[in-house]
Amino acid sequence: ARALTPQTAETDAIRFLVGTQSLRYDNQIHIIDFDDENNIINKNVLLHQVGEIWHISTSPADKGVLATCYNKTSDSKVMTCAAVWRMPKELESGSHESPDDSSSNTQTLELLCHLDNTAHGNMACVMWEPMGDGKKIISLADNNILLWDLQESSAEAVLSSSTALEGKGQLKFTSGRWSPHHNCTQIATANDTTVRGWDTRSMRQIYCIENAHGQLVRDLDFNPNKQYYLASCGDDCKVKFWDTRNVAEPVKMLEEHSHWVWNVRYNHSHDQLILTGSSDSRVILSNMVSISSEPFGHMVDDDELSDQDDQHQEEK
């Protein structure tokens, strides 16, 4: 497996989708349910017959809808394509069968539409509008940013606007994130050592952090609670935090990893918690209190504390 994502529209259960990368067999998407009361993991398997899965993302509005970027071989060339899928109704909300039973009844994903990228190159990732109704998607294909409008029941994707990265050499986007702030009108992209911000209404660049990292930038994430804060990580083993209003210098830097940093993610409730994963075989959880929206590191939900506890907490 190379690709996994939480099922963002699901608010009751803890559920992830994981995509496989097999050259010899049909690829699969595993729906992983974590039952935290009994500490049990349940799994359902869906067939994804079109190719190896390199990226996977889920609709923020519809539990049953997801997008994948996958490799397809045609005329001895390998293309990375993207498509939107629906999972079978009965699997949308997960099931609590024992893991052994699920292998026998593998079901297939229903194809809703392709994000046709024949003119634009290889798809790097697909991003859903974070607070939207699941009808707006942005995909990054080579040096193009493509904004798609999913029509009724997501059966067709219409390209509503696009822009291309101009410049010397072979420009390619590696990853991107859609900001949950500013009415979801901004995205950030990474290409080579550069991080750029874009306005999705005009498709124009709004900021550019050249040489954000000494080597390739691998991943980005926006602080869910502070609207101008963006985290980036890359092959220089560093994680950097930026205020996009002033990109001359990072606000803060983490140098905990000893190899390429592939992923960086903010905790959605407590934004001082940052999780990073690296080729040094470690996943590190860092507490960045000084640049969080709760600068005193207060991480206990107020309503869970009685007054007495409250005083006790303050004394501590």
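A pocket, as used here, is an open set of grid points with protein on both sides within 12 Å along at least five of seven lines, and its lining residues have an atom within 4 Å of a point. The model is predicted. With that in mind, start at the second largest pocket. Its lining counts 13 residues. Ser22, Leu23, Gly51, Glu52 and Asn71 lie nearest the centre. Strand E6, residues 65–74, gives the largest share of this lining, with three residues. The space in the second largest pocket comes to about 170 Å³.

Now step back to the whole chain. The protein chain has 316 residues, and 48% of them count as buried. Its secondary structure comprises two helices and 24 strands. Among contacts with a separation of 6 or more, 43% join residues 24 or more positions apart.

Next, turn to one of the sheets. Strands of a sheet pair through backbone hydrogen bonds, either parallel or antiparallel. Here four strands form an open sheet, in the order E18-E19-E20-E21, and the pairing is antiparallel. Strand E18 (217–222) and strand E21 (252–254) are the edge strands. Each pairs on one side only. On average, neighbouring strands of this sheet are turned by 20° against each other, direction ignored.

Strand E20, residues 239–243, pairs with E21 in the antiparallel sense over three bridges. Which residue in E21 is the bridge partner of Phe241? That partner is Lys252.

Conventions
Residues numbered from 1 in each chain as written. Predicted model: local features only at pLDDT ≥ 70, side-chain atom pairs only at ≥ 80, totals over all residues. Heavy atoms only, no water. Pairing = 2+ DSSP bridges. Axes fitted to C-alpha atoms, helices over the stretch in contact; angles between N-to-C directions. Buried < 20%, exposed > 50% of the residue type's maximum accessible area, 1.4 Å probe, protein only. Contact = heavy atoms within 4.5 Å. 1 Å grid on protein atoms, 1.4 Å probe; cavity = no way out; pocket = protein on both sides within 12 Å on 5 of 7 lines; lining within 4 Å. Points joined across faces, edges and corners; volume = space filled by probe spheres on them.
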